[in-house]
Amino acid sequence: GATMIKYLFFIFLMSFPFQSNLKKAIKKYKNGKYEKAIEILKAKNSNKNYDHYFYLGHSYSFIEKNEISILYYDSAISLNNKKDIAFFERGISYFISGNSRKALDDINKAILLNSENPNYFINRGTIYYDLGMINSACEDWYKAISMDNEIIDYSIIQINCN
């Protein structure tokens with residue numbers, strides 16, 4: 001199909017009751033200053049926890065350095081493999097980097113951890129579509145619409161799923 005699904009990136013805003021360096025970096029990140037966030041996060045005295053690596057990875061993905069972001073998502077996941085958002089974002093980075101198979105593995109893990117996020121189904125559908133698995137793609141897109149009927153333009157799905 002000529003129409004490709006727009007990828008929806010959700011920034012999950014969380015509260016962090018600790019450590020000023022990370023807080024400072026997250027503030028820059030939330031304001032779209034990703035290079036500045038990276039600079040702060042890469043400072044020597046940073047506490048290397050899950051959030052540190054996740055925000056480094058996500059900041060790199062926003063400046064289109066997905067190969068680098070994957071390495072930081074790997075570190076975040078090695079510290080906490082129960083966060084669906086880390087698998088989802090790493091999957092998106094794999095997809096953008098041209099590795100749809102690994103992307104699919106990661107989005108599947110995100111959905112196993114959290115099957116309530118319609119955005120995960122939209123993006124998995126897009127990956128299925130890219131892999132030529134049209135029926136699976138359409139199933140995921142229809143599932144996403146049944147969860148949130150404003151998440152995607154229904155006509156885009158109808159064009160690709162008939």
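Biologist: How do helix α7 and helix α8 pack, in angle and axis distance?

Modeller: In this predicted model, α7 (residues 118-130) and α8 (residues 134-147) pack at an angle of about 165°, and their axes are 8 Å apart.

Biologist: Is that roughly parallel or roughly antiparallel?

Modeller: Roughly antiparallel, because angles over 145 degrees count that way. The crossing of α7 past α8 is left-handed.

Biologist: Which residues meet there?

Modeller: On the α7 side, they are P118, F121, I122, R124, G125, T126, Y128 and Y129. From α8 come I134, S136, A137, D140, W141, K143, A144 and M147.

Biologist: Where does K143 lie relative to F121?

Modeller: K143 lies over the face of F121, at 5.2 Å from the ring centre.

Biologist: Let's switch to rings, then. How many aromatic pairs does a search of the whole structure find?

Modeller: Twelve aromatic pairs turn up. One of them joins Y29 and Y34, with 5.8 Å centre to centre and 75° between the planes, an edge-to-face arrangement.

Biologist: And are Y29 and Y34 buried or exposed?

Modeller: Both Y29 and Y34 are buried.

Biologist: What about F54 and Y73, how are those rings arranged?

Modeller: F54 and Y73 form a tilted pair, 5.8 Å centre to centre with 50° between the planes.

Biologist: Which parts does that pair tie together?

Modeller: F54 belongs to helix α3 (residues 50-62) and Y73 to helix α4 (residues 66-79), so the pair links parts that are 19 residues apart in sequence.

Biologist: Why does F54 count as buried?

Modeller: Because its relative accessibility is 2%, and buried means under 20%. Y73 counts as buried too, at 0% relative accessibility.

Biologist: Which residues form the aromatic cluster?

Modeller: Y29, Y34, Y50, F54, Y55, F62 and Y73 form one aromatic cluster.

Biologist: Back to helices for a moment. How do α3 and helix α5 pack?

Modeller: Helix α5 covers residues 84-96. The angle between α3 and α5 is about 25°, and their axes are 11 Å apart. Angles under 35 degrees count as roughly parallel, so that is the label for α3 and α5.

Biologist: Is the crossing of α3 past α5 left-handed or right-handed?

Modeller: It is a left-handed crossing.

Terms used
Residues are numbered from 1 along each chain as its sequence is written. This is a predicted model: local features need pLDDT of at least 70, side-chain atom pairs count only at pLDDT 80 or more; totals for chains, interfaces and linings use all residues. Side-chain values use heavy atoms; hydrogens and water are left out. Rings of Phe, Tyr and Trp (its six-membered ring) pair if their centres lie within 6.5 Å; planes under 30 degrees apart count as stacked, over 60 as edge-to-face and the rest as tilted. Buried means under 20% relative accessible area, exposed over 50%, partly exposed in between (1.4 Å probe, protein chains only). Helices (H or I, at least four residues) and strands (E, at least two) are DSSP runs, numbered from the N terminus. A charge sits over a ring if NZ of Lys or CZ of Arg is within 6 Å of the ring centre and within 35 degrees of the ring normal. Axes are lines fitted to C-alpha atoms, for helices over the stretch in contact, and angles run from 0 to 180 degrees between N-to-C directions. Angles under 35 degrees count as roughly parallel, over 145 as roughly antiparallel, 65 to 115 as roughly perpendicular and the rest as oblique. A crossing is left-handed if the near helix is turned anticlockwise from the far one by less than a right angle, and right-handed if clockwise. Contact means heavy atoms within 4.5 Å.
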